[in-house]
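Subject: Structure for your files

Dear colleague,

Please find the structure below. My notes on it follow.

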Amino acid sequence: MESDIVTHLRELLAQNPPAEASLADMRALKSLVNEQLPMFYGTLNTESCTLNPIEYEVCLLIRVHFSPADICKLLGRSDSYIAVTRRRILQKVYGIDGKPKDLDDRILAIQ
């Protein structure tokens with residue numbers, strides 16, 4: 001939560017208008033999460049289920065406690081796109097039809 005990359009992403013959101021995260025920003029976030037939570041990637045990506053890059057970025061941003069509205073701004077996507085993506089990830093990874101919030105709870109529980 002207090003890492004340089006998370007701080008930088010919060011600074012992007014504070015700009016007027018908010019700026020989108022760059023590819024380098026997302027690579028830095030992936031590196032941080034994979035270093036701090038080595039099981040994160042493997043929990044979400046298995047032989048039978050592999051997330052596409054945008055789905056994995058949504059999961060990364062959820063894991064470092066960005067709100068859905070902030071995720072929309074950082075990824076340059078609409079609210080409805082992110083909501084549908086979160087539901088799709090929940091179905092794809094966990095086999096559950098549920099609310100986007102259900103995915104958030106599961107992502108935040110990954111150690």
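Contact here means heavy atoms within 4.5 Å. Helices (H or I, at least four residues) and strands (E, at least two) are DSSP runs, numbered from the N terminus. This is a predicted model, in which local features need pLDDT of at least 70 and side-chain atom pairs count only at pLDDT 80 or more, while totals for chains, interfaces and linings use all residues. Residues are numbered from 1 along each chain as its sequence is written, and side-chain values use heavy atoms, with hydrogens and water left out.

Overall fold. The chain has seven helices and zero strands, in the order α-α-α-α-α-α-α along the sequence. Its radius of gyration is 13 Å, close to the 13 Å that the globule rule gives for 111 residues, so the chain is as compact as a globular protein of that length. (The radius is taken over C-alpha atoms; the rule is 2.2 Å times the number of residues to the power 0.38.) Along the principal axes, the C-alpha atoms fill a box of roughly 40 × 30 × 20 Å. Of the contacts between residues at least 6 apart in sequence, 56% join residues at least 24 apart.

Burial and core. Buried means under 20% relative accessible area, exposed over 50%, and partly exposed in between (1.4 Å probe, protein chains only). By that cut-off, buried residues make up 41% of the 111 residues. The largest nonpolar core has 33 residues, among which L9, L29, F40, L61 and F66 touch the most other members. Such a core is a set of buried Ala, Val, Leu, Ile, Met, Phe, Trp, Tyr and Cys residues joined through side-chain atoms within 4.5 Å. Helix 4 gives the most to this core, with seven residues. L29 is in contact with I5, V6, L9, L60, L61 and V64, leaving aside its neighbours within four places in sequence.

Helix 4. This helix is mostly covered, with 10 of its 11 residues buried. The buried set includes the charged-type residues E55, E57 and R63. Its buried residues pack against helix 1, helix 2, helix 3, helix 5, helix 6 and helix 7.

Loops. Two places in the backbone are worth a look. The peptide bond from N16 to P17 is cis, with omega near 0°, and P17 lies in the loop between helix 1 and helix 2. H65, in the loop between helix 4 and helix 5, has a positive phi of about 70° although it is not a glycine. H65 is partly exposed, with a relative accessible area of 44%.

Regards
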